[in-house]
Amino acid sequence: MSNTPTTKPMIRLENVTKRYDGSDTLAVAPLNLEIKEGEFVCLVGPSGCGKTTTLRMINRLVEPTSGTIWIDGKDVTHGDPNELRRHIGYVIQQVGLLPHMTIEQNIGLVPGMLGWDKKRIADRVTELLDLVGLDPKVFRKRYPKQLSGGQQQRIGVARALAADPPVMLMDEPFGAIDPITRDRLQEEFLQLQERIRKTIVFVTHDIDEALRLADRVAIFAEGSRLAQFASPLEILSNPADDFVRTFIGEGAAVRRLNLLKVGELGIAPSDITGVPFVDVESTTTVSAALERMLNAGASAVRVRGGGSFTVQQMLLATTAETDGAGAGAGASAAGAGEAVAAS
Ligand SMILES: Nc1ncnc2c1ncn2[C@@H]1O[C@H](COP(=O)(O)OP(=O)(O)OP(=O)(O)O)[C@@H](O)[C@H]1O
């Protein structure tokens, strides 16, 4: 269970609002949101709906107008914001590395403020560069401008992780990166999260990025109304309203195949004697299994440790998942079926 979210709440927003000075309207209307320890939550929605404001209220870069924010059971709405920020990693699109400092100095900034000794900081820098896939011998003495955009963003992640904070806030971290590098960074980041299991709040305006990365997605509508807060599978299977349906766009049924795993379909094994098949893992997604079948001219799969079945059985089970509101796979995803936390 170490790589799945726990049920312990790590971040809780209670009736939180924000009205910027000089504005008549609320940038964030009363918002209630609970994020569990180790959970990866994406905030997604159209421009101006309050995603960044919500994120920045969690580390108090923006002060809430009213309401309470709890982190790990502690009211953090009052107290020293600088102290709070030292325990929350923060990654932004512009990366924000200090240009006159080496990568090592950039990553070591917060540990330095926390009073770590030189050796401990140096060891941590080595560990983090390894973790984000950059050779410490090559990169630690370089300056930010000597790195590509993707490498700088990896350093941004390493820096945010430096003091091992339990919570990470990420604001469109991959937004300015070309699509191919972005795809790779998303994949790497998912693998990283499997290992480190931080509580992550991640802002994006890209619903596909949210559906790919998150355990649960909070879809904001205009005026920061929380339209749905549920697992990606639940959102694609049962959009809460027309706004969510329009926001996720076309092709929900096919996109679900990227999320459903073969082993979660609950198919009774069948005899596939004489039918060409491919071997898959129970964790292989249905779309990956179909791809492999198409490439191999096969029409069945043999699941390692889990019987065999035909492509027809697989597609039928996928449809049943849609009708049954994701009973099998949905139930295994964090928070599936949870009620919409209305704002
Ligand atoms: N510093 C500010 N002063 C005044 N109004 C602001 C400020 N920052 C944001 N706003 C307003 O608050 C509302 C929410 O903005 P916010 O940046 O949180 O939305 P967002 O969903 O993150 O948008 P985007 O996807 O475009 O970044 C918007 O109407 C915006 O104009």
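How many of the eight residues of helix α1 are buried? I'll start there, and please keep in mind throughout that this is a predicted model.

Helix α1 runs over residues 51-58, and six of its eight residues are buried, so the helix is largely enclosed by the rest of the structure. The buried ones are Lys51, Thr53, Thr54, Leu55, Met57 and Ile58.

Now the ligand. Two of those names, Lys51 and Thr53, come up again in the shell around the ligand. That shell also includes Tyr20 and Ala27, then the run Pro46, Ser47, Gly48, Cys49 and Gly50, and also Thr52. Sorted by class, the shell holds four nonpolar residues, five polar ones and one charged one.

A side-chain N or O atom of Ser47 sits 2.5 Å from a ligand oxygen. For the side chain of Lys51, the corresponding distance to an oxygen of the ligand is 2.8 Å. Cys49 takes part through its backbone: a polar atom there is 3.1 Å from a ligand oxygen. As for cover, the ligand on its own exposes 640 Å², of which the protein buries 54%.

Back to the end of the helix. Just after α1 comes Arg60, with a positive phi of about 60°. Is Arg60 buried or exposed? Its relative accessible area is 9%, so Arg60 is buried, the cut-off for that being under 20%.

There is another positive phi at Glu172, near 45°, again in a residue other than glycine. Glu172 is in the loop that joins β7 (167-171) to α8 (179-196). Its relative accessibility is 13%, and therefore Glu172 counts as buried too.

One more loop residue is Thr102, between β6 (88-92) and α3 (103-107). Thr102 counts as buried because its relative accessibility is 9%. What does Thr102 touch, leaving aside residues up to four places away in sequence? The contacts are Arg140, Lys141, Arg142 and Tyr143.

Last, the annotation. An unreviewed UniProt entry carries "domain: ABC transporter" over residues 11-248. Within residues 11-248 of the model, the chain is 39% helix and 24% strand.

Terms used
Residues are numbered from 1 along each chain as its sequence is written. This is a predicted model: local features need pLDDT of at least 70, side-chain atom pairs count only at pLDDT 80 or more; totals for chains, interfaces and linings use all residues. Side-chain values use heavy atoms; hydrogens and water are left out. A residue is near a molecule or strand if one of its heavy atoms lies within 4 Å of it. A polar contact is a pair of N or O atoms within 3.5 Å; within protein, one must be able to donate a hydrogen and the other to accept it, and residues adjacent in sequence count only if both atoms are side-chain atoms. Accessible areas come from the Shrake-Rupley method with a 1.4 Å probe; for residues, only the protein chains shown count as cover. Ala, Val, Leu, Ile, Met, Phe, Trp, Tyr, Cys and Pro count as nonpolar, Asp, Glu, Lys and Arg as charged, and the others, Gly among them, as polar. Helices (H or I, at least four residues) and strands (E, at least two) are DSSP runs, numbered from the N terminus. Buried means under 20% relative accessible area, exposed over 50%, partly exposed in between (1.4 Å probe, protein chains only). Contact means heavy atoms within 4.5 Å. UniProt positions are given in the numbering used here, feature names are shortened, and annotations may be inferred rather than shown by experiment.
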